[in-house]
Amino acid sequence: MLEHKTISLADQVFERLETDILCGKYAPGDILTELKLVADLGVSRTPIRESLRRLEQERLIEISQKGILVIGVTKKDLADIMEIRMRVEGLAAYECAKNITDEQLSELRETLELQEFYVPKQDASRINTLDSQFHKLIYKFSGSNALYDTLIPLHKKVLKYRRASVENAMRSGNSSNEHRAIFEAIAAHDCERAEKEMQNHIANAKAFIQEKESR
């Protein structure tokens, strides 16, 4: 049974199902039923039906008379998402370098240093959390709600691929070094360099994912 926290039960169910789809628990092509989801989550059909409508709007599932078809993130979706991220996150890094305060910079530094601490230990769970936090702070400290609201869902949609990256020792190390280069540009308030370093980081992540997917 899902615990009731500060968000509604329907929101909890949606977030759980979205994560299960994005991390691959429910794979593209799987057929789900309301009864299976009721059993899996231990909730009634009402919050599940509401969540399914939202997932269909997100294009993660398709509902028909045959059942609930899991679509997930297709290869075309993935290529588009990474291309959009490369361009828009570059802008977020640019704005972050321009607007970040000393207090915010300290928070970003702490997140980076924790990531650098855990990379040699190959603690994939903590590295993944800190990697996500580093990006989210840059979105937040850009000072643009539009950039934040655009990038957060895109970042989440590549959940499965980000996990694969942090579980690869070479890629997680390279990613940490790339974060360091982004941070140093932001700390120097060098907007153009911050944008370029972020674009390079996303391009490298895209190349890693595409190589892994082609195997």
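Which residues in H6 are buried? Keep in mind as you look that this is a predicted model. Select helix H6, residues 124-141, and colour Ile127, Asn128, Leu130, Asp131, Ser132, Phe134, His135, Leu137, Ile138, Tyr139 and Phe141: those are the buried ones.

Now check the helix's length. At 1.5 Å a residue, the 18 residues of H6 should span 26 Å, and the C-alpha atoms at its ends are 25 Å apart, which agrees. Just after H6, click on glycine 143, which has a positive phi of about 85°.

H6 passes H9 in a left-handed crossing. To see where they touch, show Asp131, Phe134, His135 and Ile138 from H6, which meet Ser175, His179, Ile182, Phe183 and Ile186 from H9. That contact is made up of five nonpolar, three polar and one charged residue.

Last stop: select helix H4 (residues 75-99) and helix H7 (residues 145-157). Their axes come within 10 Å and cross at roughly 140°, and H4 and H7 are therefore oblique to each other. This crossing of H4 and H7 is left-handed. On the H4 side of the contact, residues including Ile81, Ile84, Arg85 and Val88 meet Leu147, Leu151, Leu154, His155 and Lys157 in H7. The residues in this contact divide into eight nonpolar, one polar and four charged.

Note on methods:
Residues are numbered from 1 along each chain as its sequence is written. This is a predicted model: local features need pLDDT of at least 70, side-chain atom pairs count only at pLDDT 80 or more; totals for chains, interfaces and linings use all residues. Side-chain values use heavy atoms; hydrogens and water are left out. Axes are lines fitted to C-alpha atoms, for helices over the stretch in contact, and angles run from 0 to 180 degrees between N-to-C directions. Helices (H or I, at least four residues) and strands (E, at least two) are DSSP runs, numbered from the N terminus. Angles under 35 degrees count as roughly parallel, over 145 as roughly antiparallel, 65 to 115 as roughly perpendicular and the rest as oblique. A crossing is left-handed if the near helix is turned anticlockwise from the far one by less than a right angle, and right-handed if clockwise. Contact means heavy atoms within 4.5 Å. Ala, Val, Leu, Ile, Met, Phe, Trp, Tyr, Cys and Pro count as nonpolar, Asp, Glu, Lys and Arg as charged, and the others, Gly among them, as polar. The expected span of a helix is 1.5 Å times one less than its number of residues. Buried means under 20% relative accessible area, exposed over 50%, partly exposed in between (1.4 Å probe, protein chains only).
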